[in-house]
Amino acid sequence: MTHLLILGGTTEANALAKAVAEQGIPATYSYAGRVENPRPQPLPVRVGGFGGVDGLASYLRDHSVSHVVDATHPFAAQMSGNAIQACRDAHVPLAALTRSAWTAQEGDNWHHVADINGAVAALSGAPQRVFLAVGRMHLEDFAAQPQHHYLLRLVDEPGALPLPNCDVVVSRGPFTVEDDRALMQQHGIELVVSKNAGGTGARAKLDVARALGMPVLMIDRPALPQRTELSSVAQVLGWLAHSGVNLGV
């Protein structure tokens, strides 16, 4: 009996959920619970963590999960690592629905760092007006560099913030080049700090930075153990069909 678990929260996961529902594949969509108002899905939804590798493996067994698709954010390294190990422990096939990383183009001025700590260290120095496009989870780390004036764009209202000088824009992508240019010019941005999330929904800020000759501090993706990686919903459906899932029932 088929029961697909989608580890979601991304545009790719939403597209997969729509296709899976249309195909009539029994599935559950899992949100990590970091967004207050997640997008509604055409599938049953669960919200929250699993309790590490052991908790996820138990969930797979207890709910008779037959397949897992990890369509989480490219920087959700802990969840992705847990999924790899839990699926091995529970003997459940796993595939990742991934998006291609961004690559620098002619005219880009990118400085690469390996992780959040590297980005924090690279911000030492004179005050700047920084578009800090790293999400809500890592803001505390950047409190170590309080001399900058930060622009934050977040999905939810953040409440108290650890940064003494910042402006907050609450907005959900996708974002356009025109809007990001206006935003960055309005706030006098001098530097963009970005995770290499890939995809199209949030890359406009990079196109604007290139056009304005602005430097970008690019945080490279975390390394993960080997796994099956697919790049489209069609490939995921093909993987499911190849592994015995009856599509369209």
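Helices and strands are DSSP runs, numbered from the N terminus. The views below show a predicted model.

**View 1. The loop between α3 and β5, with His91.** Helix α3 covers residues 77–90 and strand β5 covers residues 94–97; His91 is found in the loop between them. Phi of His91 is near 60°, a positive value in a residue other than glycine. With a relative accessible area of 72%, His91 is exposed, the cut-off for that class being over 50%.

**View 2. The loop between α2 and β4, with Ser64.** Ser64 lies in the loop that joins α2 (52–62) to β4 (67–70). Although Ser64 is not a glycine, its phi is positive, at about 50°. The relative accessible area of Ser64 is 53%, so this residue is exposed.

View 3. In sequence, Ala32 and Gly9 are 23 residues apart. In space, the C-alpha atoms of Ala32 and Gly9 are 7.3 Å apart.

**View 4. The open sheet of six strands.** The strands follow the order β6-β11-β10-β7-β8-β9, and the pairing is parallel. At the edges stand β6 (110–113) and β9 (166–170). Each of these two has a single partner strand, so one side of each is left without a neighbour in the sheet. From one strand to the next, the twist averages 20°.

View 5. Four bridges connect β6 and β11, and the two strands pair in the parallel sense. His112 stands opposite Met218, a residue of β11.

**View 6. Strand β10 and the strands on either side.** In the strand order of the sheet, β10 stands between β11 and β7. Strand β7 (residues 129–133) pairs with β10 in the parallel sense over four bridges. Val130 has Leu191 as its bridge partner in β10. Strand β11 (residues 216–219) also runs parallel to β10, and four bridges join the two. The bridge partner of Val193 in β11 is Leu217.

**View 7. Burial of β10.** Why is strand β10 largely enclosed by the rest of the structure? Five of the five residues of this strand (residues 191–195) are buried, so the rest of the structure largely encloses it. A residue counts as buried when its relative accessible area is under 20%. Both faces of β10 are covered. Leu191, Val193 and Lys195 are buried on one side, and Val192 and Ser194 are buried on the other.

**View 8. The crossover from β10 to β11.** Helix α7 (residues 204–212) forms a β-α-β unit together with β10 and β11. This unit is right-handed.

**View 9. The second largest pocket.** This pocket has a volume of about 200 Å³. Its lining is made up of 17 residues, and the closest to the pocket centre are His73, Pro74, Thr98, Arg221 and Arg227. By class, the lining residues divide into five nonpolar, six polar and six charged.

Key
Residues are numbered from 1 along each chain as its sequence is written. This is a predicted model: local features need pLDDT of at least 70, side-chain atom pairs count only at pLDDT 80 or more; totals for chains, interfaces and linings use all residues. Side-chain values use heavy atoms; hydrogens and water are left out. Buried means under 20% relative accessible area, exposed over 50%, partly exposed in between (1.4 Å probe, protein chains only). Two strands pair if DSSP finds at least two bridges between them. A crossover is right-handed if, with the strands pointing away from the viewer, the path from the first strand over the helix to the second runs clockwise. On a 1 Å grid over the protein atoms alone, a cavity is a set of points where a 1.4 Å probe fits but cannot get out, and a pocket is an open set with protein on both sides within 12 Å along at least five of seven lines; lining residues have an atom within 4 Å of a point. Grid points are joined across faces, edges and corners, and a volume is the space filled by probe spheres set on the points. Ala, Val, Leu, Ile, Met, Phe, Trp, Tyr, Cys and Pro count as nonpolar, Asp, Glu, Lys and Arg as charged, and the others, Gly among them, as polar. Axes are lines fitted to C-alpha atoms, for helices over the stretch in contact, and angles run from 0 to 180 degrees between N-to-C directions.
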